[in-house]
Amino acid sequence: MEPIATVETDPAGGVAEMLRGTSVATVSAILLRRGFRHQCLSGVRAIEPGGGVMAGPAYTLRFIPAREDIDTMAWLARPDNVQRRAVEECPPGAVLVIDAGSTRAASAGDLMARRLRVRGCAGMVTDGGFRDTAGIAAAGLPAYQRESAPCASPAALHPVDVGLPIGCAGVAIYPGDIVMGDADGVVAIPADIAAEVACEAVAAASYEDYAAERIDRGASLFDMFPASEASLEAFRLWQEANG
């Protein structure tokens with residue numbers, strides 16, 4: 001059994017704030033209990049693993065393979081370029097999630113990361129790779145990728161649309177789903193259960209802190225994990241005693 005929490009529908013900003021006090025591991029366990037087995041993005045890792053927890057609603061960008069007669073640096077510079085539109089249109093607080101499917105060319109680079117940060121966006125994620133990763137780290141925007149991709153986007157990628165459902169690292173991402181990342185990786189939370197999951201995650205994180213303290217003092221794993229009726233009752237009493 002797990003800590004019980006009540007929840008009301010919460011705006012995405014409040015959900016993201018709650019999630020930033022938890023972890024991808026905790027959220028993935030909560031999703032598993034709800035029957036969601038494949039919400040963690042496969043093979044995607046943070047450029048800067050020590051950067052804390054990223055969370056925000058997904059804003060999506062999709063690439064297809066490039067074609068030589070279309071994808072050039074001149075095409076990248078056009079005002080209707082979808083990749084640049086995504087950077088300029090991603091809402092403040094949102095995470096730009098990119099369906100690239102290839103590390104042959106970059107999904108984005110450091111100047112795009114800087115623009116997203118200045119616009120107040122929460123981060124960016126790709127199942128491909130970024131270029132100028134040292135510059136992205138210096139920009140201070142949380143960024144998650146499979147591996148670095150130094151070639152410019154037109155070498156292998158053509159951006160086709162924004163704001164539509166995509167597949168990223170084996171996970172279906174719908175615009176507005178809450179995307180969360182930390183040193184372990186990235187998880188996507190379906191939008192209609194995100195507030196409930198966030199509330200459960202906060203409660204579970206508190207119990208895990210308590211369980212860790214008890215284990216440090218010699219408690220058995222069988223007594224503390226997974227949570228039982230007895231351990232939850234002891235946890236409630238401990239909360240009351242400690243304010």
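1. Buried means under 20% relative accessible area, exposed over 50%, and partly exposed in between, with a 1.4 Å probe and protein chains only. At 1% relative accessibility, Asn81 therefore counts as buried.

2. On the basis of this note: the model is predicted, local features need pLDDT of at least 70, side-chain atom pairs count only at pLDDT 80 or more, and totals for chains, interfaces and linings use all residues. Residues are numbered from 1 along each chain as its sequence is written, and side-chain values use heavy atoms, with hydrogens and water left out.

3. Overall picture. The protein has nine helices and 10 strands. These are DSSP runs numbered from the N terminus: helices are H or I with at least four residues, strands are E with at least two. The C-alpha atoms fill a box of roughly 65 × 35 × 30 Å along the principal axes. Of the 243 residues, 46% count as buried. A contact means heavy atoms within 4.5 Å. Among contacts with a separation of 6 or more, 76% join residues 24 or more positions apart.

4. Asn81. This residue sits in the loop between α3 (73–76) and α4. Its side chain reaches two backbone nitrogens: that of Gln83 at 3.1 Å and that of Arg84 at 3.0 Å. Polar contacts here are pairs of N or O atoms within 3.5 Å; within protein, one must be able to donate a hydrogen and the other to accept it, and residues adjacent in sequence count only if both atoms are side-chain atoms. Not counting residues up to four places away in sequence, Asn81 touches Trp75, Leu76 and Pro159.

5. Helices α4 and α5. Helix α4 (residues 82–89) packs against helix α5 (residues 110–118) at about 25°, with the axes 8 Å apart. That angle makes α4 roughly parallel to α5. Axes are lines fitted to C-alpha atoms, for helices over the stretch in contact, and angles run from 0 to 180 degrees between N-to-C directions. Under 35 degrees counts as roughly parallel, over 145 as roughly antiparallel, 65 to 115 as roughly perpendicular, and the rest as oblique. From α4 come Gln83, Arg84, Val87 and Glu88; from α5 come Met112, Arg115 and Leu116. The contact residues divide into three nonpolar, one polar and three charged. In this scheme Ala, Val, Leu, Ile, Met, Phe, Trp, Tyr, Cys and Pro are nonpolar, Asp, Glu, Lys and Arg are charged, and the others, Gly among them, are polar.

6. Aromatic pairs. Rings of Phe, Tyr and Trp (its six-membered ring) pair if their centres lie within 6.5 Å; planes under 30 degrees apart count as stacked, over 60 as edge-to-face, and the rest as tilted. By this rule there are five aromatic pairs. Tyr207 and Tyr210 form a tilted one, 6.0 Å centre to centre with 55° between the planes. These tyrosines are three residues apart in helix α7 (residues 194–216), so about one helical turn separates them. Tyr207 is buried at 4% relative accessibility, and Tyr210 is buried at 3%.

7. Phe235 is buried at 5% relative accessibility. Tyr207, Tyr210, Phe235 and Trp238 form one aromatic cluster.

8. Gly176. This glycine lies in the loop between β8 (171–173) and β9 (178–182). Gly176 is partly exposed, at 27% relative accessible area. Its C-alpha atom is separated by 5.0 Å from that of Ala58, 118 residues apart along the chain. Leaving aside neighbours within four places in sequence, Gly176 is in contact with Pro57, Ala58 and Ala191.
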